Amino acid sequence: MSKSDFSRRGVLKTGALAGTGLALPTIFTASSAAAFTNDPTGSSVTLGFNVPQTGPYADEGADELRAYRLAVEHLNGAGDGGMMNTFSSKELQGNGILGKEVKFVTGDTQTKSDAARASAKSMIEKDGAVMITGGSSSGVAIAVQGLCQEAGVIFMAGLTHSNDTTGKDKKANGFRHFFNGYMSAAALAPVLKNLYGTDRNAYHLTADYTWGWTQEESIAAATEALGWNTVEKVRTPLAATDFSSYIAPVLNSGADVLVLNHYGGNMVNSLTNAVQFGLREKVVNGKNFEIVVPLYSRLMAKGAGANVKGIHGSTNWHWSLQDEGSQAFVRSFGTKYGFPPSQAAHTVYCQTMLYADAVSRAGSFNPCAVAEALEGFEFDGLGNGKTLYRAEDHQCFKDVLVVRGKENPTSDFDLLEVVEVTPAAQVTYPADHPMFAGGALGSCNPGA
Amino acid sequence: MDAILLQILNGLDKGSAYALIALGLTLIFGTLGVVNFAHGALFMIGAFCAVTVQRILNLSYEVVDETQKDFLGNALKVKTSYVESWFGPEMGGAIIDWAVPIAIIFAIPIMIFIGFVMERGLIKHFYKREHADQILVTFGLAIVLQEVIKYFYGANPIQTASPEALSGVANVGALFGMDIVYPVWRIVYFFFSVVIIGGIFSFLQFTTFGMVVRAGMADRETVGLLGINIDRRFTIMFGIAAAVAGLAGVMYTPINSPNYHMGMDFLVLSFVVVVVGGMGSLPGAVLAGFMLGILEAFASMNEIKSILPGIDQIIIYVVAIIILLTRPRGLMGRKGVMEE
Amino acid sequence: MGILEVKNVGKRFGGLQALGDVNLSVKENTVHAIIGPNGAGKSTLLNCLVGKLIPDTGSVMFDGQSVLGRKPYEINQMGISRVFQTPEIFGDLTVLENMLIPCFAKRDGAFSLNAITSVPSETDVLEKAEKMLVEMNMADKRHMHSASLSRGDKRRLEIGMCLSQEPRLLLLDEPTAGMARADTNNTIDLLKEIKEQRDITIAIIEHDMHVVFSLADRITVLAQGTPLVEDDPQNIRGNPKVREAYLGESA
Amino acid sequence: MFGLDKKDTRMLLVVAVLTLCAPFILNPFPTDSAMAQFNAGYPDLMQRFVIFGIFAIGFNILFGLTGYLSFGHAAFLGVGSYSAVWMFKLLSMNVVPAILLAVVISGLFALLIGFVSLRRSGIYFSILTLAFAQMSFNLAYSVLTPITNGETGLQLTLDDPRVLGVSATADGSIPVTSLFGLEMRSTFEMVVGPWAFQFNAGYYLCALVLLAVFYLSIRIFRSPFGMMLRAVKSNQQRMNYTGLNTKPYTLAAFVISGMYAGLAGGLMASMDPLAGAERMQWTASGEVVLMTILGGAGTLIGPVLGAGFIKYFENIFSKINDTVLHNWFAFMPDGLEDFVVFIVHPFIGKGWHLTLGIMFMLVVVFLPGGLVEGGQRIAKWVKGRKNKDDSTSATKNPAE
């Protein structure tokens, strides 16, 4: 087992000072000698993996942690290398990052902004983490991104789908590989048009918080552009568990499509309730009633069980993709853990690789150098085709998958099938798109 | 009109769950004087009884099927459940299909047992302690129970379907010449809760056991003086309360996929229900449960939300505040209960 | 004109006429006993005097001011102190603290945000409380938890707490109920002492005739919510109506 | 000293020494030792200890003295945080006006909620406060998003219209909170041999505030007012018939403890300028109840201990993962090492809730008076060993 040491100060000072018994004060303020926060001067570098380990998203967090472990293994040269072999950039050698062994600390976000920030702060202040990554909700991602900006470390967002993460709340030190609400809508719209036509009446149920709103705004705009009519947009409390009283009014509303802008437990329950109320068998205006779930995840699909069959949605990535990168990742993840990775696992693995690669290309852990290396970086081989890390908003632009609940699953995780891979060009939007307006990246902060 | 009737149905439905949990809480509070923060966890354990029964029925052996490939490109292992292989696919499939109702049979003894163990092992020592201590210890217990379930079943919701035959919708409006379709299982849930509530009330009303317990709820010391072993009866009541919560949980699983923290989601609401009903009053708890359920359903109607945005987020609390300010001891509370 | 004037007070509870038409006058510096069989309305009457109940009809005047509609604490601040049937003391507090609270209430009124000074620095109040403890013969118990006192001591403490407020009228609700003979006699002695040493009016509700006749200057007999008769003790003793309605053979 | 008696002065001094030396005391393990995982002496956690200590001290003034169990106290903490962040956004990055506004606004909010809720007592009061707090939380999460920024939490942006100060610093970042120019985040680090100790400006501000409010709470406990509050808990009937109006007493206690909560919220925002809605959720209110009971309700020091205990678990135990475990037990033979890790595994990292739940139960079962009672027992035991013959000196210590 690894005899690792998780402390920055150990790394920093032991060589020089251990045993001297001298008190040598140093002041870590703007005038300090260090160039940036937590400059790793020893033989190793510490990354902070901040994921939900308790609360409703704990399983997603656990899957993210698995992917992080795998990524660290690959970066340090163990295992089969995974997507390092298919990644278009060949900087990473399997000798850590810039020759420093990669170590990590983990923390629990509890899917609460406060707890997530506390955890991230302890990683920065106590463990000397030079990069923070992870998370499974937009609120947490935005909160931690803000913290990393202030502290002067890089934040590589995990699963966060709100437009705001790289929209009005974007930060110079924060980067998102995952797709967003707008991209979901842009990818889904043409598929929905093909499947259900242009003359539809949509009823929206939306989780009443920021992510829900941006998702609703995006999908409503995209479907209205197809010619669909929006019958009603109803906000549901985040804490709701029984959606029956929100579903019931749909029955007689004249709508023939129900859009569930829900995620996690909300999505599982609202979809289950919608199916219970017989919406799937309903015929309205001479058309079959349809349900759409803009943001899908395999773990959620599992919770909803048979109810997902035939229901369309979008996802960032799926293990059944046949490209070289995806296959390499599924192989090494599956071999290690016995089941295929989720999209959350995929995105955090990619984020870790992308960070490591950017550091290598920049030749420095300085957040400003890393940010510069990531900005406008084009790459391939990480599972979503050719991808661009756009400099203006630190959002990745890549292919988006439209998926459908599988009718005859062969296993516990074989729940979704890819209907279409929407090319990146189709989901790209201008950086000044109104749905993303209102914020500024600011300038990168190296801290210290 | 249809919309309003539908919401009344929804309210009755939500109310059933509130009422069942609140009923158990009130039984425990009324008989033992203990504020049980672990009651939500009992509801959750009940739900996981159903999950477990489903898992057991689905226990499978694997056959390697060379023609299909799994995600790593190896030969796929096809699973067949033992139940299906023993009883044949049709009969076995039917048994698996009826997992939730079957779970009831298992849940009752398991929940009563858990209730006994909880009461004898822990709660018993807290009768004379302050309510604050009771809250702390039962809250700790709730966390522990919850984490144990999470350890074995994960944090994700687990789907547990109702039997095919009870899955569709029924037109309950047909009787009145209206078109009101409603999920069959939710109707089943409502009647189930009515039966349970009715059962508990008649048990307390018509049996000697129940009479003693009711007398004990009113005046514990006097009943103790009569030489009746009230403690043992209270243990049994705790078991019954646990079973009620557990059954509410079992039956709830097809409505919403159970997860390990569902108990906490219900806990706060059911406390509000109990207090609105009046501490220690069983009819109050049931009445408040259904009332709050119906009001919650109405508050989520678009017509009402458009007038009062966000009302569905707070309706329960608004109603609780209004009732507590106008009726000092809730709807049917007795004087002097938990007012210190 | 008495210090306490009760005029035409009536109180109904649903169908039950608890108090019919009560007239009562308590003269200053006397001990006035109110007696009557169970259910005669003694407690209801008392509760009407201290603000716990509001009578349906009539008036209650204390020292020329109406007490009706006032809260118990306001009536207390007017100068009426009440001793309960079962001693009501602050069980979680020490004996000394119990005695301090009425002293503070006397000095600072119904509410005072006196949060910065420490109790030991309030020497005037402290001295007063200590003095009262000495008078009550409880000085040696000052640091005891009052909940652990004997029943008789609790009663003494409660009476002492009421006296420390220097009330004009002291209301006693069956002060010896449930007491052993010795405790009862002690209480009688204590009350006699109080009566002799202080300028104080005492109204007492009592069951125990021994207590009543050893203390009272004047007695009102209540029966079925109305005063049957009001007179001096010796006359009450001989009154055949009272014998019949209340005392029966026991006299 | 300071108008306190000897015992209280000694306690205040002990607390002062503990808080001011916390960077040493909480970092007992050399930074590169395996036990460094248990070090809690980094600025964020030390700040949290102290801030939640303030919160719990305030809660204890209400619950410990009057016995009124509020289940919605987190609402005041949340309101305090929001006020402070708005002050940073609109006025200045100086923490003083922010903290002052936090205290004032939460005090007003407490006055409003307390006025209504205190019409009832017992569990009815608890549910009323819970209802108000849950309403605040639910609305802050959804409808009030323009004020609270909903799920994300209210945070500073580059275009805040700061009246006294700049919207953004010269290098294009958001200015940081400060006390008249002393940045809250600035940290002085002292390295002694293998140890590294961090002295953070923000922490010391919090610590001084803690000492001030702890001192204030001692004064309140020892004052006639404090005695009246205990009398309220003991016997309201007697209070009323002793000419005392209980309502303003309980309301004053409620508002004071609400202001303590607001102060904690304001400090929290000053250390880290973000205010999240989940600060107001019932679980957060429940947490302070647990802290107080766990430490010892009605005692002076108990709530601070309880706050430290829970925050330590949350922040330290949740960060221990399997890799760390293997590191600790590396000295064992491989099979045994794996076995021990397997046994310990459910209780750390994602299982920290489980450990916390078990600790709650153990404390409440074996130490009915909370951690303070544990301390007293140890003290008694130590004393008993010192002078075995002198068994008569068992002094009865009320509360503290």
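A residue is counted here as buried if 20 or more other C-beta atoms lie within 10 Å of its own. By that criterion, buried residues make up 61% of the 400 residues of chain D in this predicted model.

**Chain D**

Chain D contains 17 helices and six strands, and its C-alpha trace spans about 70 × 70 × 40 Å along the principal axes. Because a compact globule with 400 residues would have a radius of gyration near 21 Å, the 23 Å found for chain D agrees with that expectation. When contacts in chain D between residues at least 6 apart in sequence are considered, 73% of them join residues at least 24 apart.

**Contacts between chains**

Four pairs of chains are in contact, and among these pairs chains A and D share the most contacts. In that pairing, 51 residues of chain D are in contact with 54 residues of chain A. On the side of chain D that touches chain A, at least two residues each are supplied by helix 3 (43–66), helix 6 (122–141), strand 4 (187–192) and helix 14 (322–328) of chain D. Strand 4 of chain D gives the largest share of that side, namely six residues. Sorted by class, the side of chain D that touches chain A consists of 17 nonpolar, 22 polar and twelve charged residues.

| Pair of chains | Distance between nearest C-alpha atoms |
|---|---|
| Chain A and chain C | 34 Å |
| Chain B and chain C | 14 Å |

**The two domains of chain C**

Chain C is divided into domain 1, which covers 1–79 + 167–251, and domain 2, which covers 91–165. Taken over C-alpha atoms, the centres of domain 1 of chain C and domain 2 of chain C are separated by 27 Å. Their contact involves eleven residues from domain 1 of chain C and ten residues from domain 2 of chain C. On the side of domain 1 of chain C that touches domain 2 of chain C, the elements giving two or more residues are helix 2 (72–78) and helix 6 (181–197) of chain C. Helix 6 of chain C provides the largest share of that side, with five residues. By class, the residues on the side of domain 1 of chain C that touches domain 2 of chain C divide into seven nonpolar, three polar and one charged.

Key: Residues numbered from 1 in each chain as written. Chains lettered and ligands numbered in written order. Predicted model: local features only at pLDDT ≥ 70, side-chain atom pairs only at ≥ 80, totals over all residues. Contact = placed C-beta atoms within 7 Å. Helix = DSSP H or I, 4+ residues; strand = E, 2+ residues; numbered from the N terminus. Nonpolar A, V, L, I, M, F, W, Y, C, P; charged D, E, K, R; others polar. Domains from an automatic or database assignment. Rg over C-alpha atoms; globule rule 2.2 N^0.38 Å. Buried ≥ 20, exposed ≤ 12 C-beta atoms within 10 Å, placed from the backbone.
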